Amino acid sequence: MYDMNDLIPVVAMLTRQYTGIESSSVTYEKANQLMEAVLYCIRETEHSGETVLVSQRQDAMQAYRAGAQLVRRKTEALLAFYECNKKDFCAYGNVYLTDVLQKGLPAFFKYYDEKYEPQNTILTLDYPLFTDLTEYQGIDCVDLYVRNLVHEQKFLAKFGEGYVTSVLRVYCDEYEELPENIAGIVFGNVIGHILAGRPLAERLCREDLAGICEQYRACENEMGGRFREKTSEVAAAFLTQHYADEEQMQQYMLTGLPDLCARIENAAACGNLDKIFVY
């Protein structure tokens with residue numbers, strides 16, 4: 001990382017561009033914003049791994065310019081990716097997902113300032129995904145969010161809108177207002193059918209849930225217990241079988257699997273599987 005003496009000329013250059021060379025005077029808040037913009041772009045360079053753009057011998061100005069180019073390219077690529085996929089988006093009636101798809105993402109591409117404030121994510125991203133985004137800002141955050149959102153949409157699309165909304169309705173009468181991940185709800189229900197040996201077209205019954213609880217107890221009687229591992233294995237096998245050509249989508253869904261399998265195990269232990277296996 002560069003020290004302040006290295007960064008000041010870069011910030012001064014960016015300030016002159018911002019003010020149109022009419023004045024180098026900006027508010028403290030704006031100066032701080034521009035410094036953060038410079039640091040953001042330099043970090044892009046350091047994390048990119050592109051040897052053409054990254055050199056350990058380059059000075060702060062070179063690192064900033066390389067990073068700014070990366071930010072610009074990433075923004076353009078994400079916009080093209082978004083435009084290509086948005087026609088297939090479905091919110092399934094959920095207000096949080098609707099807000100992201102219909103308002104949030106269009107607003108991001110309209111207002112994102114890749115030059116003077118690339119660190120600003122702009123969006124609150126209230127619809128939750130499996131991915132932890134706490135360490136990301138700006139285009140890095142939204143890029144990861146949008147690409148994983150598309151993976152989730154592809155996962156759900158295979159079931160059809162009618163099936164997804166039916167599962168959601170049984171899961172929660174007011175699922176439209178539910179700030180919860182939809183794919184996790186549907187995937188949990190799928191896992192229940194696999195464990196029960198019942199086709200998705202058939203609804204689970206009390207006997208099915210009782211049988212799964214028996215599986216849990218049988219696993220717990222073995223040394224160490226293997227119910228969570230078994231659940232994870234059958235879920236991963238489902239993804240491999242039905243989404244063979246979507247490896248990145250599989251990896252995204254596997255990201256949420258540990259938490260989902262833990263919830264299933266806890267529900268089996270407490271006899272509350274009807275809270276997860278709902279349809």
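Predicted model: local features only at pLDDT ≥ 70, side-chain atom pairs only at ≥ 80, totals over all residues.
Two residues are in contact when heavy atoms of each lie within 4.5 Å.

The protein contains eleven helices and zero strands. Its radius of gyration is 24 Å, whereas a compact globule of 279 residues would have a value near 19 Å. Taken along the principal axes, the C-alpha atoms fill a box of roughly 75 × 40 × 35 Å. Of the 279 residues, 46% count as buried. Among contacts between residues at least 6 apart in sequence, 65% join residues at least 24 apart.

The surface and the charges may be described next. The accessible surface comes to about 14800 Å², and carbon and sulfur atoms account for 49% of that area. There are 26 positive and 42 negative side chains, with the centres of the two sets 3 Å apart.

Asn148 lies in helix α5, which spans residues 138-157. Because its relative accessible area is 9%, Asn148 counts as buried, the cut-off being under 20%. Apart from residues up to four places away in sequence, Asn148 touches Leu129, Thr131 and Tyr252.

Arg198 is located in the loop between α7 (182-196) and α8 (206-221). Its relative accessibility is 26%, so Arg198 counts as partly exposed. When neighbours within four places in sequence are set aside, the contacts of Arg198 are His193, Arg203, Leu204, Cys205 and Asp208. Asp208 is ten residues from Arg198 in sequence, and their C-alpha atoms are 8.3 Å apart. The side chains of Arg198 and Asp208 are joined by a polar contact of 2.7 Å.

How values were computed
Residues numbered from 1 in each chain as written. Heavy atoms only, no water. Helix = DSSP H or I, 4+ residues; strand = E, 2+ residues; numbered from the N terminus. Buried < 20%, exposed > 50% of the residue type's maximum accessible area, 1.4 Å probe, protein only. Polar contact = N/O pair within 3.5 Å; in protein donor to acceptor, adjacent residues only side chain to side chain. Rg over C-alpha atoms; globule rule 2.2 N^0.38 Å. Areas by Shrake-Rupley, 256 points an atom, 1.4 Å probe, with all protein chains shown as cover. Lys, Arg positive; Asp, Glu negative; His and termini not counted. Charge placed at Lys NZ, Arg CZ, Asp CG, Glu CD.
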